[in-house]
Amino acid sequence: MTFPAILRASLPNALKWMWLPLFLLLLAPDKAEAQVRQRVVQLSGFVATGDSLYGVAGAGVFVPGTNRGTYTNDYGYFSMPVLAGDSVLFAALGFKTQYLIIPKNYESQSYSIIMQMQEDPMELPTVEVFPWPTERDFKEAVANVRLPDKGTAIITRDLDPRRLEEMSRITPMSDAQNFRFWQQQQIQQQQNRHMYPTVNMMAIPQLLRGLLNGNK
């Protein structure tokens, strides 16, 4: 006859419940011993993007349902203690979630891995925000906008030809304008170096008359 059967047969109902905590304490060492037998493994590795060697910074590496977890550094490296038989989850924004199972019979004290994350792009729907109930009301409001007199005066002043000419005269040239000016000077120098001066044939008689009359 088993121990629980002996308790039911020999003790009143009230005493049976008093012996229950003692019975649970007798079974507790077995469970504690089973947990102690789980080997602690130092999990470390590198989280990369796809087939490349670019690290994923800030990726979460943790065992769901426990307080064991960490994040990758700026280069994608991580290191954390786990137990043999744990399921380790790798998660990062913009990538698919990956899992790693540490074998229960794993005997070494360290486990290294290169986890390649697969991209998971998310397309958000387009949201159009209008401060009016409908798009038609919005277009009508824009079409009916009237600038104040002060704004019209400013526009007229800024578009005055004399003001624009004065601004173009006192405004310094930009780097692109300086480069174009220098380029034009180089072209002009090349033309002056390799081109001969031309004489207007119609001006020769006038030139001769000026020489005869003593004009210089």
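How many helices and strands does the secondary structure of the protein come to?

1. **What you are looking at.** This is a predicted model, in which local features need pLDDT of at least 70, side-chain atom pairs count only at pLDDT 80 or more, and totals for chains, interfaces and linings use all residues. Residues are numbered from 1 along each chain as its sequence is written, and side-chain values use heavy atoms, leaving out hydrogens and water.

2. **The overall layout.** The answer to the opening question is seven helices and seven strands. These are DSSP runs numbered from the N terminus, with helices being H or I of at least four residues and strands E of at least two. Along the sequence, the pattern reads α-α-β-β-β-β-β-β-β-α-α-α-α-α.

3. **Surface and contacts.** The protein has an accessible surface of about 18,300 Å², and carbon and sulfur atoms contribute 59% of that. Areas come from the Shrake-Rupley method with a 1.4 Å probe, and for residues only the protein chains shown count as cover. Of the 216 residues, 15% count as buried (buried is under 20% relative accessible area, exposed is over 50%, and partly exposed is in between, with a 1.4 Å probe and protein chains only). Among contacts (heavy atoms within 4.5 Å) with a separation of 6 or more, 47% are between residues 24 or more positions apart.

4. You will find S44 in strand β1, residues 40-49. With a relative accessibility of 15%, S44 counts as buried. Leaving aside residues up to four places away in sequence, S44 touches Y77, F78, S79, Y111, S112 and I113.

5. A salt bridge here is a side-chain nitrogen of Lys or Arg within 4 Å of a carboxyl oxygen of Asp or Glu, and the count comes to three. One of them joins R68 and D86, whose closest N and O atoms are 2.7 Å apart. R68 sits in the loop between β2 (60-62) and β3 (69-71) and D86 in the loop between β4 (77-83) and β5 (87-91), so this pair ties together parts 18 residues apart in sequence. D86 is buried at 10% relative accessible area, while R68 is partly exposed at 23%.

6. K139 pairs with E135 at 3.6 Å between the closest N and O atoms. Both belong to helix α3 (residues 135-143), four residues apart, or about one helical turn. K139 is exposed at 53% and E135 partly exposed at 43%. R136 and E140 also meet in a salt bridge, at 3.4 Å from N to O, and they too lie four residues apart in helix α3. R136 is exposed at 63%, whereas E140 is partly exposed at 38%.
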